[in-house]
Amino acid sequence: MELGFIITIFLIGFVGSYISGMLGIGGSIIKYPMLLYIPPLFGLAAFSAHEVSGISAVQVFFATIGGVWVYRKGGYLNNMLIGYMGASILIGSFIGGYGSRLMTVGGINLVYGVLALIAAVMMFVPKKGIDDIPLDQVKFNKWLAATLALIIGIGSGIVGAAGAFVLVPIMLVVLKIPTRMTIASSLAITFISSIGATAGKITTGQVEFFPSLIMVIASLIASPLGAMAGKKINTKILQVVLALLILSTAIKIWMDIL
């Protein structure tokens, strides 16, 4: 493969993984459209939606490891939340990842657009007072969390994402989890989700391994750097950045669908 292709894929992986670590998402909401649209702009080979979703699934698996490692101390990881939502999203993501082989390219993009639109709307819902809750006093509805995670897992498994771009707004708006705990715990849940999505994509032959390897290397470098930056940035700024990111991606996907 030519050097330009390798550099382009690496930079896509690096930028996406840095934002992933900083905002507590797997990064697919950034890397999915970047992989789909950027290589053709430079005259490079274009990926299909199936190939992009496969590469994204593998990359997210490694990107989230780096982010969780940075947040492992400080009480940011809510083990009960991770357990309930992680188990459900793992089942859902495998179902979605395996079943996606039966879907058309348009169908995959439509699912992605719907998920992004829901997430964008939820990110603009007011979240007053959630960051005033002490981390050791956080409570949530366990079965609601598990049910929502299962639904998110199915949808995210289809598009090769780990679902954190939907997971984060749901944790903030519906479950009322403080921002930094949401970021840290969603990275752990996203890691679990990516196991199912990756397994589903690999077993159905939807993964391009060389581009995936380039993305993985970029992820392992950039994700911890992003997580360290995220620990220092004001939580309101993090929420706004994530909201604008999800909104812009949703607009782009729907413009292409329509």
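Guide: Let's start with a definition: a residue is called exposed if its relative accessible area is over 50%, buried if it is under 20%, and partly exposed in between. Keep in mind that we're looking at a predicted model.

Visitor: Got it. So is Trp143 buried or exposed?

Guide: Trp143 has a relative accessible area of 64%, so it counts as exposed.

Visitor: And which residue does Trp143 form an aromatic pair with?

Guide: With Tyr84. A search of the whole structure turns up three aromatic pairs, and the one between Tyr84 and Trp143 is edge-to-face. The ring centres are 5.6 Å apart, with 85 degrees between the planes.

Visitor: Why does the pair count as edge-to-face?

Guide: Because planes over 60 degrees apart are given that label, and here the angle is 85 degrees.

Visitor: Which helices do Tyr84 and Trp143 lie in?

Guide: Tyr84 is in helix 4 (residues 79-99), while Trp143 is in helix 6 (residues 142-159). The two are 59 residues apart in sequence, so the pair ties those parts together.

Visitor: How much accessible area does Tyr84 have?

Guide: Its relative accessible area is 28%, so Tyr84 is partly exposed.

Visitor: Another ring, then. What lies over the face of Phe140?

Guide: That's Lys142, at 5.9 Å from the ring centre.

Visitor: Let's zoom out. How many helices and strands are there in the protein?

Guide: There are 10 helices and zero strands. The protein's radius of gyration is 17 Å, close to the 18 Å from the globule rule for 258 residues, so it is as compact as a globular protein of that length.

Visitor: What does the C-alpha trace span?

Guide: About 50 × 35 × 30 Å along the principal axes. As for the inside, buried residues account for 57% of the 258 residues.

Visitor: Take Thr64: buried or exposed?

Guide: Buried, because its relative accessibility is 0%. Thr64 belongs to helix 3 (residues 49-71).

Visitor: Where is Trp254?

Guide: Trp254 is also found in helix 10. Its relative accessible area is 21%, which makes Trp254 partly exposed.

Visitor: One last thing: which residue has a positive phi although it is not a glycine?

Guide: Lys176, with a phi of about 60 degrees. You'll find Lys176 in the loop between helix 7 (164-173) and helix 8 (179-203). Lys176 is partly exposed, with a relative accessible area of 43%.

Note on methods. Residues numbered from 1 in each chain as written. Predicted model: local features only at pLDDT ≥ 70, side-chain atom pairs only at ≥ 80, totals over all residues. Heavy atoms only, no water. Helix = DSSP H or I, 4+ residues; strand = E, 2+ residues; numbered from the N terminus. Phe/Tyr/Trp six-rings, centres within 6.5 Å; stacked < 30°, edge-to-face > 60°. Buried < 20%, exposed > 50% of the residue type's maximum accessible area, 1.4 Å probe, protein only. Lys NZ or Arg CZ within 6 Å of the ring centre and 35° of its normal. Rg over C-alpha atoms; globule rule 2.2 N^0.38 Å.
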